[in-house]
Amino acid sequence: MAASVVLGVVFVVAGVTKLAAPRQWQAQSSDLGVSRIVAVVVPYVETMIGAMLIAQIARRPLAMVAGAVLAGFTTLLVVRLLQGRHPPCACFGAWSSKPIGWSNVARNAGFLVLAAVIAFRLV
C-alpha cells in the first residue's frame with residue numbers, strides 16, 4: 001500500500017510540474033525528441049496514474065501501466081545518452097532542468113522496481 005502511494009506521488013509531482021510550466025515542458029520534451037502530441041498528453045496521463053495509485057484504485061494494473069510508461073521514458077533516456085546527447089531531463093518539469101545522465105536512468109530503474117513490487121504484490 002505504501003509503495004503505491006510513493007509511486008503515485010512521484011507520478012503526480014512529475015505531471016503537475018509539467019502542467020505548471022507548459023512552455024518549458026514543451027521545449028524540454030522537444031529537445032528530448034518527444035513528439036508534440038505525446039508531450040501534450042504525458043502530464044495528464046502521469047497525473048491521472050499517480051492520483052489513482054495514491055487513491056489505491058486498481059493498484060496492480062496501474063502499476064503495470066506506470067511500469068510501461070517508465071520503461072518508455074527510460075528507453076528514451078538511454079537512447080539519447082548512447083547518441084551522446086544530454087538535453088535537459090524534463091522528468092519533473094522545471095525542477096529537472098539539468099542535462100540527462102546515467103543517474104536519471106538509475107533513478108527510473110528504482111521506480112521500475114517499485115512498480116514491479118506493486119504489480120506483482122511483492123509487499
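Ala58 sits in the loop that runs between α3 and α4. Helices here are DSSP runs of H or I with at least four residues, numbered from the N terminus. Phi of Ala58 is near 50 degrees, a positive value in a residue other than glycine. Gln56 is in the loop between α3 and α4 too, and its phi is near 65 degrees, again positive in a residue that isn't glycine.

Before going on, a word on where this comes from: the model is predicted, local features need pLDDT of at least 70, side-chain atom pairs count only at pLDDT 80 or more, and totals for chains, interfaces and linings use all residues. Residues are numbered from 1 along each chain as its sequence is written, and side-chain values use heavy atoms, with hydrogens and water left out.

How much of a residue can be reached from outside? Buried means under 20% relative accessible area, exposed means over 50%, and partly exposed is in between (1.4 Å probe, protein chains only). Here is how some residues come out:

| Residue | Relative accessible area | Class |
|---|---|---|
| Gln28 | 5% | buried |
| Asp31 | 39% | partly exposed |
| Gln56 | 23% | partly exposed |
| Ala58 | 39% | partly exposed |
| Thr74 | 10% | buried |

Now over to helix α2, where you'll find Gln28 and Asp31. Contact means heavy atoms within 4.5 Å. Not counting residues up to four places away in sequence, Gln28 touches Pro88, Ala90, Gly93, Ser96 and Ser97. With its neighbours within four places in sequence left aside, Asp31 is in contact with Arg85, Pro87 and Pro88.

Which two cysteines form a disulfide, a pair of cysteine sulfur atoms within 2.5 Å? They are Cys89 and Cys91, with sulfur atoms 2.0 Å apart. The count by this rule comes to one disulfide. The link of Cys89 and Cys91 is left-handed, with -100 degrees about the S-S bond. Both Cys89 and Cys91 are buried.

Next stop, Thr74, which belongs to helix α4 (residues 59–82). Leaving out residues up to four places away in sequence, Thr74 touches Val105, Asn108 and Leu112. With Asn108 there is also a polar contact, side chain to side chain, at 3.1 Å. A polar contact is a pair of N or O atoms within 3.5 Å; within protein, one must be able to donate a hydrogen and the other to accept it, and residues adjacent in sequence count only if both atoms are side-chain atoms.

Finally, the largest pocket has a volume of about 280 Å³. Of the 21 residues that line this pocket, the closest to its centre are Lys18, Glu46, Phe73, Cys91 and Asn108. Two or more lining residues come from each of α1 (2–20), α2 (22–32), α3 (36–54), α4 and α5 (102–119). A pocket, on a 1 Å grid over the protein atoms alone, is an open set of points where a 1.4 Å probe fits, with protein on both sides within 12 Å along at least five of seven lines; lining residues have an atom within 4 Å of a point. Grid points are joined across faces, edges and corners, and the volume is the space filled by probe spheres set on the points. The lining divides into 17 nonpolar residues, one polar and three charged. Ala, Val, Leu, Ile, Met, Phe, Trp, Tyr, Cys and Pro count as nonpolar, Asp, Glu, Lys and Arg as charged, and the others, Gly among them, as polar.

Terms used: Disulfide = S-S within 2.5 Å.
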